[in-house]
Amino acid sequence: VSKEAPYLLYYWPGIQGRGEFVRLAFEAAGTAYVDVARRSASSGMGLPAMMKLMQGGVRAPLAPPFVAAHGELVAQTAHILQWLAPELGLVPKDAKSRRWAHQLQLTVTDLLLEVHDTHHPLATHLYYEDQKAAARKRAAAFVAQRMPKFLGYFERVLAANPAGPAHAVGRSLSYVDLSLFQVIAGLRYAFPRALARLAPAIPHLLTLNERVGRVPNVARYLKSKRRIPFNENGIFRHYPELDH
Ligand SMILES: N[C@@H](CCC(=O)N[C@@H](CS)C(=O)NCC(=O)O)C(=O)O
């Protein structure tokens, strides 16, 4: 695909967003990848290269993130992770564990859409400022009902892992652990009050978040410039008026 790295990641350059779940997998595995849209357009990369792939052609993706590798272009975050995790060493080998990991990642996908909808309850193409009243209602329901439901579920998943609560799937670090790390990091940024209130009910998730953050490759990444700070253009946005 590229002389520089076997994997080309395409994602919006200014946000962590859904691309972060793929970045974390590459970073944790210590694998070289090119974050194409963050490179310069003058080098043939940048946003124009990403937009071009979305505009058409054989098997074009609808939306980022997508990854080019092994002569294929693949979109959908959970699908990308399921595709690449075996070669990145981020999922157990047996088929049942892999299906379980994918099931959990699809549940993360569902959660991310609901997080997005707290600030964009009416329409994705409208500004937050144009849907603030609806966002307040949506976020109140998210914080009161949906966030405890999803996090309570993932907490039970960790508690029920036969290999112990340090991992979601099996006995070593998987892409699901990385994603749960990112979910907690993001919710802590966006909804610090709500997360603090829930904290006593999710000890395994909070421990996982700390431990994944200390995995050497992940810790190095988090300190690097490659980790884009959370901001109010991403999925996890901190609007104090939504953090009930
Ligand atoms: N289900 C997809 C969602 C992809 C998606 O919504 N991407 C966002 C950025 S995080 C986007 O650019 N959407 C453009 C659009 O929906 O028009 C996934 O999990 O990857």
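**Ligand site, pocket and cavity**

User: Where does the ligand sit?

Analyst: The ligand sits in the largest pocket, where sitting means that more than half of its atoms lie within 2 Å of the grid points. A pocket is an open set of points on a 1 Å grid over the protein atoms alone, with protein on both sides within 12 Å along at least five of seven lines. This is a predicted model, in which local features need pLDDT of at least 70 and side-chain atom pairs count only at pLDDT 80 or more, while totals for chains, interfaces and linings use all residues. Residues are numbered from 1 along each chain as its sequence is written, and side-chain values use heavy atoms, with hydrogens and water left out.

User: Which residues are around the ligand?

Analyst: Tyr11, Trp12, Arg18, Ala63, Pro64, Pro65, Gln76, Thr77 and Thr109, each with a heavy atom within 4 Å of the ligand. By class, this shell has 5 nonpolar, 3 polar and 1 charged. Here Ala, Val, Leu, Ile, Met, Phe, Trp, Tyr, Cys and Pro count as nonpolar, Asp, Glu, Lys and Arg as charged, and the others, Gly among them, as polar.

User: What is 2.7 Å from an oxygen atom of the ligand?

Analyst: An N or O atom in the side chain of tryptophan 12 is. Threonine 77 also has a side-chain N or O atom 2.7 Å from an oxygen atom of the ligand. The protein covers 67% of the 500 Å² of accessible area that the ligand has on its own, by the Shrake-Rupley method with a 1.4 Å probe.

User: And what about proline 64?

Analyst: A nitrogen atom of the ligand is 2.8 Å from a backbone N or O atom of proline 64.

User: Which element gives the most?

Analyst: α4 does, with 9 residues.

User: How many cavities of 30 Å³ or more does a search find?

Analyst: The search of the whole structure finds 1, a cavity being a set of points where a 1.4 Å probe fits but cannot get out. The largest cavity has a volume of about 50 Å³.

User: What lines the largest cavity?

Analyst: Gln16, Gly17, Pro229, Phe230, Asn231, Gly234, Ile235 and Phe236 do. That lining has 4 nonpolar, 4 polar and no charged residues.

Notes. Polar contact = N/O pair within 3.5 Å; in protein donor to acceptor, adjacent residues only side chain to side chain. 1 Å grid on protein atoms, 1.4 Å probe; cavity = no way out; pocket = protein on both sides within 12 Å on 5 of 7 lines; lining within 4 Å. Helix = DSSP H or I, 4+ residues; strand = E, 2+ residues; numbered from the N terminus. Points joined across faces, edges and corners; volume = space filled by probe spheres on them.
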